[in-house]
Amino acid sequence: MLSFKIVVYLPSLMNISIERTPLDEATRQALIELTYPVIHSMHFVHKNLGPGLPEYIYQEALYKHLQSSGLEAVKEYKHHPVFCGERLESFVRMDLIVRLPQGNVIIECKSIAALSEKERFQTFGYLRATEFSAALLVNFGTWPKAQIERYCFSDGLIRAF
């Protein structure tokens, strides 16, 4: 299997590694199973609304569909990161999270022409701050399907899967 590594350099911050190396099959399969019902809901929302609406419309529609599917979703989830062992008063606000027995999944919704590094770095920051199992970055602004990117954070690396 072909593998490669993308390293993105932010001049004032640090190097961020995004690994596309294969995960072990059990971990990869567990992540796919974890995110499958959420991705199904994303496709359902996009199929029914199509592209071109504001982000908050897709966010609310996805939230309602996740709940009607029996998933525990939280909209506008606030998380207080930990710095040097102390929880900060400041917080990050994620569009949605889905609470599952296997782990929480972050959902970052966009409705733009194309995803850029800005949206990916925002999602990576949420993963690193929360240490949740996975994050899904979805762009409802594309046609004919929503653009969905899947990421996990483990061993200090952000990996696409």
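In what order do the elements of the chain run from the N terminus on? I read them as β-β-α-α-β-β-β-β-β-α-β-β-β. I took helices (H or I, at least four residues) and strands (E, at least two) as DSSP runs, numbered from the N terminus.

**Basis.** I worked on a predicted model, in which local features need pLDDT of at least 70, side-chain atom pairs count only at pLDDT 80 or more, and totals for chains, interfaces and linings use all residues. Residues are numbered from 1 along each chain as its sequence is written, and side-chain values use heavy atoms, with hydrogens and water left out.

**Chain.** I noted three helices and ten strands. Buried residues (under 20% relative accessible area; exposed is over 50%, partly exposed in between; 1.4 Å probe, protein chains only) make up 42% of the 161 residues. Among contacts (heavy atoms within 4.5 Å) between residues at least 6 apart in sequence, 54% join residues at least 24 apart.

**Helix α1.** I looked up residues 25-49: the helix has 25 residues and reaches 35 Å from its first C-alpha to its last, close to the expected 36 Å. The expected span is 1.5 Å times one less than the number of residues. I found a bend of about 45° at Y36, with the proline P37 following within four residues; the bend is the angle between axes fitted to the seven residues ending there and the seven starting there. Just after α1, G50 takes a positive phi of about 70°.

I listed the buried residues of α1 as L31, L34, T35, V38, I39, S41, M42, V45 and H46. Their cover includes α2 (55-68), β6 (92-99), β7 (105-110), β8 (134-139) and β9 (147-154).

**α1 against α2.** I recorded that the two axes come within 9 Å and cross at roughly 125°. This makes α1 oblique to α2, since angles under 35 degrees count as roughly parallel, over 145 as roughly antiparallel, 65 to 115 as roughly perpendicular and the rest as oblique. Axes are lines fitted to C-alpha atoms, for helices over the stretch in contact, and angles run from 0 to 180 degrees between N-to-C directions. At this crossing, V38, S41, M42, F44, V45 and L49 in α1 meet I57, Y58, A61, L62, H65 and L66 in α2.

**S111.** I placed S111 in the loop between β7 and α3 (117-130). S111 is partly exposed, with a relative accessible area of 23%. Leaving aside neighbours within four places in sequence, S111 contacts L53, P54, E55, Y58, N139, F140 and G141.
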